[in-house]
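Hello,

Here is the structure I promised to pass on. Please open it beside this email, and my notes on what turned up follow below.

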Amino acid sequence: MQPDAAALPRGSRLGHAIGQNIGLILAGAILALAVAGFLLVYSIEQHRLPGNFELTSTVNNAIPLVFAAVGQSFVVLTRGIDLSVGGVVDLANALAAVTMGKSLGGALLWSAVILAVGAACGLVNGLLVAFGRLQPIVVTLATLSIYQGLAIRVLPAPGGAIPPAYTNLLVNPNAPWALVYIGLLVLAWAGFRRSRTGVDLYAIGNDEASARALGVNVLRTKIIAYMLDGALAAAAGLFLAASATAGDATTGNSYTLTSIVAVVLGGVSLFGGRGSAAGAIAGAFITTLIVNILFFSHVNPLYQSFYEGVFLIVAVVLGGAIGGAIRRRR
Amino acid sequence: MTAPAIAARGVSKSFGGVKALTGASIAVARGSVHALVGENGAGKSTLIKILGGRIAADEGSVETAGPSLRIGTVFQELTLLPYMTVAENLLLGREPRGRLGLIDRAAMPRLAEAELAGLGITHIDPRALAADISLAERQIIEIARVIMARPQVLLLDEATSALVEREVAWLFGQIRALRDAGVAIVFTSHRWGEITSIADEITIFRNGSDVGTFTTIGEDEAITLMTGQALETIFPARFAPSSGPVLLSLRGARAEGTAPLDLDLRAGEILGIGGLAGHGHRALFFGLFGAPGFREGRIEREGRPVRITAPWDAIRAGIALVPEDRKSEGLFLPLSVRDNFTLPILRQLSRFGILRLGAEHATVAESIRRLAVRTPSAQQPVGALSGGNQQKVLLGRWLLTRSRILLLYDVTRGVDVATKHEIYELIAGLAREGYAILFYSSDAEELAHLCHRVKVMRRGAFVAELPADALSAEAIVAAAMRESGQTETPHAA
Amino acid sequence: MRTLTVDTRRILYAIAAAIGLFVVGEMAHPGFLSGPSVASILVIASFVGLVAAGQCFVILIGGIDLSVPWVMNAAAILLTTTSLGKNTGAPEAIAAALGMGVAVGVANGIGIALFGIPAVVMTLAANGIVEGLTLGLSGGFTCSSCSSYAPPLIQTLAHGSLLGIPDALWLWAFVTALVSGALAVTRFGRATYALGTNPLAATLAGIDARRMTILLYALCGGFAALGGIMLVGFGGQASLGLGDPYLFTSIAAVVIGGVNILGGRGNYLGVAAGAVSLTVLVSVLLALSMPDYVRSIAYGVVILALLLAYGRENER
């Protein structure tokens with residue numbers, strides 16, 4: 001065809017980049033606002049800026065959710081949802097508490113086993129979704145119940161012990177070393193995004209029927225997504241156990257819903273195919289910072305979930321409106 | 001004659017009890033272009049899918065010249081992934097690899113740009129999302145993707161449906177080059193002119209099997225073969241429109257992607273709307289039905305202005321819309337024939353919100369009889385009926401509303417010839433009874449034979465009106481395709 | 001022989017599962033099938049059934065309501081604190097509790113239908129909002145009136161009986177008839193199924209999808225509140241986290257009752273049978289003195305088993 005230069009305006013590269021990453025950009029903006037809000041509230045309250053201690057505790061508080069949310073994002077990108085995240089976090093947490101004993105070496109070995117157990121939980125979800133052709137929401141609702149049951153079987157009452165060296169390694173209380181794990185997670189994500197499976201994951205989330213017609217191995221890709229999700233949820237459980245220095249088979253329950261919140265705030269579309277782990281990480285930090293802000297602004301803790309709920313709705317509605325407006329303008 | 005590159009022998013295929021193919025055979029030689037022609041629903045798309053290995057035949061076999069023959073298919077339904085870039089779509093499955101064997105995402109736009117340029121496409125930005133480019137551009141990218149995979153057999157199913165003349169010329173240039181390089185090409189199209197200009201061989205399909213293969217054949221003869229009867233007998237006899245009152249007028253009505261439109265629709269006439277896909281017909285029909293309504297301008301119902309901002313406004317104003325895609329826009333496939341018929345008239349069939357089942361039953365039975373719907377019972381899920389009978393249920397639903405204005409949007413798509421004939425007779429009968437009918441069809445032949453006059457749309461505007469004495473399929477297509485050197489896309493910002 | 005539709009067979013499966021579990025219970029623990037035992041199990045099931053009725057409405061249009069737990073909790077505390085345990089204030093208290101549930105449902109529906117917020121997100125946020133308000137306003141259930149009992153009227157409704165059948169079951173039977181009837185033979189029911197099957201086609205057939213969506217979520221909120229009222233009548237006082245188990249159970253009852261989670265298919269009779277099945281399952285495990293975790297695992301396994309059985313049906 002003859003190029004028709006005058007008639008065919010081309011969007012600038014920057015324009016494309018903004019339009020295609022609008023969810024991530026908005027998540028970054030909300031995160032910046034949350035950080036600013038935290039700094040403001042904190043400095044008014046404490047008459048100084050937050051220091052190393054506050055940074056470390058924020059990172060350590062956020063890191064289980066970071067891992068759970070990135071895990072959730074794998075499944076959400078395929079247009080699924082994983083309600084069993086909380087159960088896997090519980091199970092990993094319980095297993096860590098009863099197996100790790102006293103030595104760091106043993107704890108690390110068991111960590112690998114526990115990650116594999118998490119992946120196996122994900123495998124069960126993936127097989128049921130891919131081969132059983134059941135809806136992800138009902139499959140993971142059922143397995144949530146099963147994994148929670150198993151967790152209580154492993155650790156009927158809170159207790160057990162985590163080696164202090166393990167706690168220091170994962171969530172060092174003196175410096176934000178845990179950022180290293182987030183860095184590794186981002187690197188691993190960047191690699192995954194550039195792998196066959198990574199591309200296929202997005203293709204399935206965009207349009208499963210088309211992806212299949214284009215030769216994408218839908219079953220394999222979905223199963224991998226659920227397994228990665230399970231392994232990352234188990235990692236969240238390990239971080240949680242390390243923070244608490246003991247186990248509890250129910251503290252992980254809340255991660256099902258908070259991971260979904262983090263993913264949504266991070267600009268990952270619940271309709272699949274759009275979003276990224278970076279967004280999910282941002283979402284996890286936003287969620288954690290909101291709790292901090294509420295704490296330091298002396299909001300009655302009983303009202304905490306009220307403000308969180310209002311914030312979620314406002315963020316989703318405004319984010320949708322701004323994203324839509326930017327896309328239309330282009 | 002050398003062995004064909006690809007051949008189907010006695011292939012049959014059913015979908016849920018409906019036979020799509022019955023013993024169809026074709027053979028395509030290397031370096032030749034083979035056109036499949038036939039009515040909608042004649043089985044061409046199914047055969048293409050079987051040749052391409054997308055679905056398996058129930059009976060019969062597909063033979064290829066070699067076990068590892070590369071077969072590329074351009075499907076009728078676009079398969080581009082909307083929220084991935086043009087480059088990601090083009091290179092899916094063969095992305096460039098960089099360090100550590102990882103996909104080199106940064107290199108993809110440049111690579112895609114170079115490959116597109118190699119095919120003579122320089123106006124589509126590989127960095128754009130597939131969702132953000134026009135329908136025609138998406139179809140071109142779809143074709144380019146398949147060609148880039150260097151197929152030895154190329155299957156094109158309605159690949160020109162959204163393209164204008166210049167783009168079709170580009171595609172045909174590519175097809176000729178591939179043919180000269182020894183590629184076997186199978187091609188379906190509804191445009192006779194395209195078929196004769198490119199095809200080396202033409203196989204005609206009717207009711208799921210091949211009824212003849214030709215190197216040259218005249219259009220009339222082909223149509224007779226396709227339909228099993230002469231063209232004149234498929235369409236109802238022409239009759240003069242009763243010059244009834246104007247039931248519906250548009251004055252400067254503008255929908256998203258259209259120019260302001262003016263139109264008068266009289267009782268007793270069938271007003272055709274023609275033109276290529278994606279040129280604003282849909283916006284016109286759905287605008288009249290309030291889904292969504294027009295952005296500006298006036299709608300008058302028998303001279304009185306009406307506000308139509310939602311479908312129930314339209315229904316209250318006595319307007320009915322039968323959409324093209326009956327599966328996604330019209331019917332509730334798992335629900336019963338009864339439920340599908342009566343949904344818009346439940347208010348009349350209920351008291352205090354509770355349905356009068358006896359009255360409903362009688363109404364449905366009457367409709368089934370009147371439209372000769374072939375169904376075991378009114379309780380049958382409508383999805384279990386054949387395409388033609390489904391379409392009758394949908395038409396029947398709107399006749400029950402007693403709307404006098406019918407918007408028929410490509411209602412004979414995917415309907416077998418016999419049912420088509422019944423639907424034409426029904427439409428003509430309705431017009432004689434005084435219904436006002438606005439009729440869009442992607443089939444120019446149908447427009448030319450059924451309508452009293454035809455307005456042709458291009459780029460969202462009416463560009464021609466053909467009165468009864470000037471009506472012909474050629475005239476409609478010519479008006480729709482006439483290039484005017486303007487911009488390519490109707491809604492470029 | 002007249003072949004049964006898939007929907008009818010699913011209802012039969014759910015009923016068969018309930019009966020089968022009763023039989024297992026009798027074998028494991030003789031006396032399980034005695035009148036009082038069955039009646040008390042059914043009364044517990046009726047609370048699930050009431051909440052699941054609302055959940056059924058929204059799942060039928062492909063939605064979901066995660067705000068059920070705290071709507072129940074809020075209804076319970078609202079009932080006791082406004083009536084202060086007296087019959088004289090009961091009508092206003094009931095109206096306030098139901099009105100609160102409906103209002104939350106309307107808000108959910110508006111968020112979903114008008115603002116396009118995914119149902120999971122909207123109802124999750126609503127749950128948090130109601131939780132925060134309930135806890136905040138009641139000082140974490142420590143307010144002076146928070147320890148009030150439910151009015152005797154409500155307690156009687158939850159515990160009393162008429163003609164040898166518990167009042168709660170009369171109420172549930174009434175609700176079952178109402179909901180099943182509404183879905184089967186009213187305009188509302190037809191519109192619900194149409195919307196759940198194909199929202200675009202429903203809109204093009206003149207159904208106001210937004211209004212219907214808001215209405216269905218409002219009903220769901222109302223039924224959750226009703227469940228909360230009955231529960232506080234049964235327990236006497238409102239307790240923190242009273243609604244928590246009902247989120248999972250109400251969705252599970254709907255799903256094993258044969259309602260498609262994507263909408264458009266299913267019936268309340270199946271859901272009621274699902275509520276009974278889940279309750280009997282718990283009772284059987286209790287009768288066998290199984291620990292809690294077994295119940296949790298058994299729940300999941302039973303749901304998956306039934307879903308896989310239904311899945312086979314679809315492949316025909």
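A term to start with: two residues are in contact if their C-beta atoms, placed from the backbone, lie within 7 Å. By that rule A:Ile30 touches A:Leu265, A:Ile286 and A:Ala315, leaving aside residues up to four places away in sequence.

Two notes on the source before the rest. This is a predicted model, in which local features need pLDDT of at least 70 and side-chain atom pairs count only at pLDDT 80 or more, while totals for chains, interfaces and linings use all residues. Residues are numbered from 1 along each chain as its sequence is written, and chains are lettered from A and ligands numbered from 1 in the order in which they are written.

**Chain A**

Helices (H or I, at least four residues) and strands (E, at least two) are DSSP runs, numbered from the N terminus. On that basis chain A has 14 helices and zero strands.

How does the size of chain A agree with that of a compact globule? The radius of gyration is taken over C-alpha atoms, and the globule rule is 2.2 Å times the number of residues to the power 0.38. For 330 residues the rule puts a compact globule near 20 Å, and chain A agrees with its 21 Å. Along the principal axes, the C-alpha atoms of chain A fill a box of roughly 75 × 55 × 35 Å. Of the contacts in chain A with a separation of 6 or more, 81% are between residues 24 or more positions apart.

For burial, a residue is buried if 20 or more other C-beta atoms lie within 10 Å of its own, exposed if 12 or fewer, and partly exposed in between, with C-beta atoms placed from the backbone. In chain A, 52% of the 330 residues count as buried.

Back to A:Ile30, which sits in helix α2 (residues 22-46) of chain A. A:Ile30 is buried, because 23 other C-beta atoms lie within 10 Å.

Just after α12(A), A:Gly267 takes a positive phi of about 80°.

**Chain B**

The domain bounds come from an automatic or database domain assignment. That assignment gives chain B domain 1 (6-227) and domain 2 (246-481), with C-alpha centres 31 Å apart.

Two strands pair if DSSP finds at least two bridges between them. Strand β10 (residues 246-254) of chain B runs antiparallel to β11 (residues 261-266) of chain B, joined by five bridges. B:Leu250 has B:Leu263 in β11(B) as its bridge partner. Six residues lie between the strands of this hairpin, where B:Gly257 takes a positive phi near 85°. Five bridges also join β10(B) to β13 (residues 296-301) of chain B, again antiparallel, and here B:Arg251 is partnered by B:Arg298.

Chain B also has an open sheet of six strands with mixed pairing, in the order β15-β18-β19-β12-β20-β21. Its edge strands are β15 (319-322) and β21 (461-466), each pairing on one side only. β15(B) pairs in the parallel sense with β18 (residues 405-409) of chain B over four bridges, and B:Ala320 stands opposite B:Leu406 in β18(B).

**Where chain C meets the others**

Which chain C residues face chain A? The contact between them takes 39 residues of chain C and 37 residues of chain A. Helices α5 (119-137), α11 (244-256) and α13 (292-314) of chain C each supply at least two residues of that side of chain C.

For the classes, Ala, Val, Leu, Ile, Met, Phe, Trp, Tyr, Cys and Pro count as nonpolar, Asp, Glu, Lys and Arg as charged, and the others, Gly among them, as polar. The side of chain C that touches chain A divides into 27 nonpolar, ten polar and two charged residues.

The contact of chain C with chain B takes 18 residues from chain C and 23 residues from chain B. α8 (187-197) of chain C gives the largest share of the chain C side, six residues. By class, this side has eight nonpolar, six polar and four charged residues.
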